[in-house]
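Student: I have a structure to go through and would like to ask about it piece by piece. Can we start with how the pieces are named?

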Amino acid sequence: MISLPLNIHRAIISRTKVLAGMNIADSRRPQDGQFTTTVKGRPLDVRVSTTPTIYGETAVLRILDKSLALFELSELGFMPEALDKYEKMLKVPFGMILISGPTGSGKTTTLYASVNSLDSMKRKIITVEDPAEYRLKDITQIQVNPQAGITFATGLRSILRLDPDIIFIGEIRDGETANIAVQAAQTGHVVLSSIHASDTAGVLSRLVDLKIEPFMIASSVVGIVSQRLVRRLCPHCQHEIEATALEQIAYEEETGERRIKFRFGIGCKLCSYTGYQGRIGIYEVLLMSTTLKTMLYHQATTDELRGQALKEGMVTMLNDGMNKVKLGITTPGEVIRAAYTAGMDK
């Protein structure tokens with residue numbers, strides 16, 4: 001958007017670190033901080049991360065608009081069948097539900113919408129988050145603070161003594177957190193969490209990598225959702241235009257429908273000449289069946305588990321995305337960019 005002169009680089013970094021409550025004297029170690037500001041009457045949370053590079057410190061600022069209300073599950077972009085499957089998962093009396101995807105794929109938004117859809121009056125919900133992005137009514141929220149000795153693992157241990165019904169863990173990053181989460185799911189709690197993996201079957205392999213026994217995963221995991229974010233077409237400047245050969249082939253492979261022209265945004269003032277306005281999720285929902293649990297128990301490979309899930313009717317992210325292209329919500333290029341690696345085995 002704007003290029004600034006190099007001679008003010010240090011001053012900008014220092015000012016940003018002061019605002020975020022970070023140590024300005026320490027430029028040799030990565031740091032994290034946050035501050036709140038108001039822009040045009042709207043409160044914004046800004047998360048700051050700095051790290052040293054060969055050219056000096058670099059900073060990334062992530063913006064969370066707190067004036068936006070929490071999403072409902074139906075607003076996230078789930079297709080009706082996938083939403084039905086996911087809502088069934090949330091109705092279980094105990095077990096673990098995992099949301100996977102890379103950084104910035106909307107996992108936390110899905111988790112908040114899930115927690116928001118649960119009955120917090122009849123059931124006690126406790127969260128461990130890093131950081132606690134939204135304040136939720138009638139829910140006990142704990143923020144991770146390593147300096148005070150509160151990590152995901154220690155926070156989770158303390159939660160189990162507080163008689164919760166539903167536990168929301170911001171992220172499963174290590175074997176200790178994964179182990180306590182699995183035990184909590186097996187002892188009568190509903191556990192919701194996010195985990196980094198490329199697709200739904202990859203989550204099961206990731207848990208095995210974290211030294212969780214396959215029989216424990218099989219008995220505790222209820223279902224997995226893998227997701228990505230794609231940009232929505234601008235409703236004001238979209239037109240039908242001929243797509244590239246790659247986009248046509250990818251669309252035809254997923255939908256079985258030959259098509260040359262698709263809706264694209266040509267760019268206007270309302271979308272800052274990008275052709276897109278807002279974002280929507282594309283999803284892959286895996287409900288753990290008895291067959292999948294048996295295969296996992298017998299240490300099946302990721303490809304075998306994924307093949308069985310597809311036989312049972314799982315819709316891949318790539319397929320879900322192309323269905324949204326068919327509905328005129330996004331473009332084939334967006335879906336390929338976000339999800340093609342997850343569908344390369346097809």
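Tutor: Helices (H or I, at least four residues) and strands (E, at least two) are DSSP runs, numbered from the N terminus. This is a predicted model, in which local features need pLDDT of at least 70 and side-chain atom pairs count only at pLDDT 80 or more, while totals for chains, interfaces and linings use all residues. Residues are numbered from 1 along each chain as its sequence is written, and side-chain values use heavy atoms, with hydrogens and water left out.

Student: Where is tyrosine 273 found?

Tutor: Tyrosine 273 lies in the loop between strand S11 (261–265) and strand S12 (276–287). Its phi is near 60°, a positive value in a residue other than glycine.

Student: Is tyrosine 273 buried or exposed?

Tutor: Tyrosine 273 is exposed, with a relative accessible area of 60%. Buried means under 20% relative accessible area, exposed over 50%, and partly exposed in between (1.4 Å probe, protein chains only).

Student: And what is phi of lysine 40?

Tutor: Phi of lysine 40 is near 50°, a positive value in a residue other than glycine. Lysine 40 sits in the loop between strand S1 (31–39) and strand S2 (42–53), and is exposed at a relative accessible area of 83%.

Student: New topic. How many residues of strand S8 are buried?

Tutor: Six of the six residues in S8 (residues 190–195) are buried. Val190, Leu192 and Ser194 point one way from the strand, and Val191, Ser193 and Ile195 point the other way.

Student: In which sense do S4 and S8 pair?

Tutor: Strand S4 (residues 95–100) pairs with S8 in the parallel sense over six bridges; strands count as paired if DSSP finds at least two bridges between them. Glycine 95 stands opposite valine 190. Strand S7 (residues 166–169) also pairs with S8 in the parallel sense, over four bridges, and there the bridge partner of isoleucine 166 is valine 190.

Student: Now helices. At what angle do H11 and H12 pack?

Tutor: Helix H11 (residues 317–326) and helix H12 (residues 332–339) pack at about 165°, with their axes 9 Å apart. Axes are lines fitted to C-alpha atoms, for helices over the stretch in contact, and angles run from 0 to 180 degrees between N-to-C directions. H11 is therefore roughly antiparallel to H12, since angles under 35 degrees count as roughly parallel, over 145 as roughly antiparallel, 65 to 115 as roughly perpendicular and the rest as oblique.

Student: What about H8 and H11?

Tutor: The axes of helix H8 (residues 245–255) and H11 come within 9 Å and cross at roughly 110°, so H8 and H11 are roughly perpendicular to each other.
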